[in-house]
Amino acid sequence: NTTVRAGETITLTCAVDGNPTPSVSWSKEGSGHSTGGNVFTKAGATKADTGQYVCTAVNTVTGNIQTRTASTYVMPSIISSYPGQTVNETIDFLKLTCISDGYPAPTFTWSRDGLVVSLTSVYYSNSVTRSEAGTYTCTATNEMGSDTTTVQVTVNYKPEMVSSTTNTSSWDRNVLSLQCKVRGVPSPQITWYKPGDQPI
């Protein structure tokens, strides 16, 4: 077996002997293309060049066939991408899928804000929570190297009261200060009402 990196040259040798001197040809299984000579070379190897190569030696007496295998190693290249994902807490599910080219087949990891959350090409959450918001990174890796892609996930949740002013008083014509702290995604809009349910 011969292994080369993408972009390198494949060189395969077919050692034959015979009298009369055999005529030698090479073909790649499934391609239908052939070339002559004891040595087969292919510059600028790509993943498509991986496969079985057949050397055929023929003279007027008989024929002889030998096979060689060439593998082209290709660095991963992620071909899936996502725009920002927005989901609703407890209502929606979250599914992120990472697809990558490369040879040998790459392994995958998903991380959220630097913490590994999946060792497969898919991250899935059946009922998403706000803690799953963040920047997700998919990394595809083989012995040639790695490639990454990121997606920002936003988790919406309803407004929640954090703190508020319960009772307060102020002198006539003095400033009255009331405080209401809330959280939520998207940022909640706050409306104040005075007695009689009239918005201020």
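Let's start with a pair of neighbouring strands: β11 and β12, the latter covering residues 115–118, run antiparallel to each other and are joined by 3 bridges. Keep in mind as you look around that this is a predicted model. The two strands make a hairpin, with 2 residues between them. In that turn you will find D113, whose phi is positive, at about 50°.

Strand β11 has another partner too. Spanning residues 107–112, β11 pairs with β14, which takes in residues 134–142, again in the antiparallel sense and over 6 bridges. Looking towards β14, W110 stands opposite C138; looking towards β12, its bridge partner is S118. As a general point, side chains in a regular strand alternate between the two faces of the sheet.

For the feature "domain: Ig-like", an unreviewed UniProt entry lists residues 1–71, 76–154 and 159–200. Over residues 76–154 the chain is 61% strand and 0% helix.

Next, the aromatic rings. How many aromatic pairs does a search of the whole structure find? There are 5. One of them brings together W26 and F40, with 6.0 Å from centre to centre and 45° between the planes, a tilted arrangement. This pair links distant parts of the chain: W26 sits in strand β3 (residues 23–28) and F40 in strand β5 (residues 39–42), 14 residues apart. Are these two residues buried or exposed? W26 counts as buried because its relative accessibility is 1%, and F40 also counts as buried, at 11%. Ring pairs also bring in Y53, so that W26, F40 and Y53 are linked into a cluster.

F93 lies in the loop between β8 (85–88) and β9 (94–97), while Y124 lies in strand β13 (residues 122–125), so the pair ties together parts that are 31 residues apart in sequence. Y124 has a relative accessibility of 44% and therefore counts as partly exposed.

One last stop involves a ring and an arginine. Which residue lies over the face of Y157? That residue is R130, at 3.7 Å from the ring centre.

Definitions and conventions: Residues are numbered from 1 along each chain as its sequence is written. This is a predicted model: local features need pLDDT of at least 70, side-chain atom pairs count only at pLDDT 80 or more; totals for chains, interfaces and linings use all residues. Side-chain values use heavy atoms; hydrogens and water are left out. UniProt positions are given in the numbering used here, feature names are shortened, and annotations may be inferred rather than shown by experiment. Helices (H or I, at least four residues) and strands (E, at least two) are DSSP runs, numbered from the N terminus. Two strands pair if DSSP finds at least two bridges between them. Rings of Phe, Tyr and Trp (its six-membered ring) pair if their centres lie within 6.5 Å; planes under 30 degrees apart count as stacked, over 60 as edge-to-face and the rest as tilted. Buried means under 20% relative accessible area, exposed over 50%, partly exposed in between (1.4 Å probe, protein chains only). A charge sits over a ring if NZ of Lys or CZ of Arg is within 6 Å of the ring centre and within 35 degrees of the ring normal.
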